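Please read them beside the sequence and the coordinates.

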Amino acid sequence: MRVGDTNFPQAGGSGGSTTTPSVAPAVFDACTKALQQLQQKAGVVDARGANWLAACKKLGVTPLTVSGQWQYGLSSQGAGGVQFAEVEVDTETGFVKVKKITCIQDAA
């Protein structure tokens with residue numbers, strides 16, 4: 001990784017309130033497509049929650065490959081807030097446990 005290299009093209013600043021709204025739509029799209037592909041390849045109607053491990057086992061070593069695209073309407077400009085989540089992830093089952101969420105919003 002190279003940060004601040006002058007050989008890179010000029011771009012706007014990067015911070016939680018500008019970066020997150022600009023990349024979140026593509027990340028959401030990629031996650032949605034990956035879930036759909038997993039369900040299709042594993043022959044499972046819903047591969048979330050308790051079905052996650054069984055669906056992944058059906059894949060074996062076959063990878064999922066998807067690309068996310070920016071989606072209109074899922075982002076904003078100049079958002080004035082930030083959220084943090086502390087989570088635990090069970091790497092065997094895919095279960096995610098949210099331990100703590102902190103939100104700070106600009107209400108001015």
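1. How many helices and strands are there in the protein? There are two helices and two strands, where helices (H or I, at least four residues) and strands (E, at least two) are DSSP runs numbered from the N terminus, and along the sequence they follow the pattern α-α-β-β.

2. This is a predicted model, in which local features need pLDDT of at least 70 and side-chain atom pairs count only at pLDDT 80 or more, whereas totals for chains, interfaces and linings use all residues. Residues are numbered from 1 along each chain as its sequence is written, and side-chain values use heavy atoms, with hydrogens and water left out.

3. On confidence, the mean pLDDT (the predictor's confidence in each residue, from 0 to 100) of the protein is 80, and 73% of its residues reach 70 or more. Confidence is lowest in α1, at a mean of 83, and highest in helix α2 (residues 52-59), at 91.

4. Of the 108 residues, 11% count as buried, a class that means under 20% relative accessible area, with exposed over 50% and partly exposed in between (1.4 Å probe, protein chains only). The protein exposes about 8,500 Å², of which carbon and sulfur atoms supply 57%; accessible areas come from the Shrake-Rupley method with a 1.4 Å probe, and for residues only the protein chains shown count as cover.

5. Leaving aside residues up to four places away in sequence, L38 touches A47, W52, A55, C56, L59 and L64, a contact being heavy atoms within 4.5 Å.

6. T32 lies in helix α1 (residues 16-42) and counts as partly exposed because its relative accessibility is 30%. Although T32 and G68 are 36 residues apart in sequence, their C-alpha atoms are 8.6 Å apart in space. Among contacts with a separation of 6 or more, residues 24 or more positions apart account for 48%.

7. In soluble globular proteins, nonpolar side chains tend to be buried together. Here, however, V87, V89, V96, V98 and I101 form a nonpolar patch on the surface, with about 440 Å² of accessible area together. Strands β1 (81-89) and β2 (96-105) each supply at least two of the patch residues, and the largest share, three residues, comes from β2. V96, in strand β2, counts as exposed because its relative accessibility is 52%.

Terms used: Patch = residues over 30% accessible without salt bridge, like charges linked within 9 Å, V, L, I, M, F, W, Y side chains within 5 Å. Salt bridge = Lys/Arg side-chain N within 4 Å of Asp/Glu carboxyl O.
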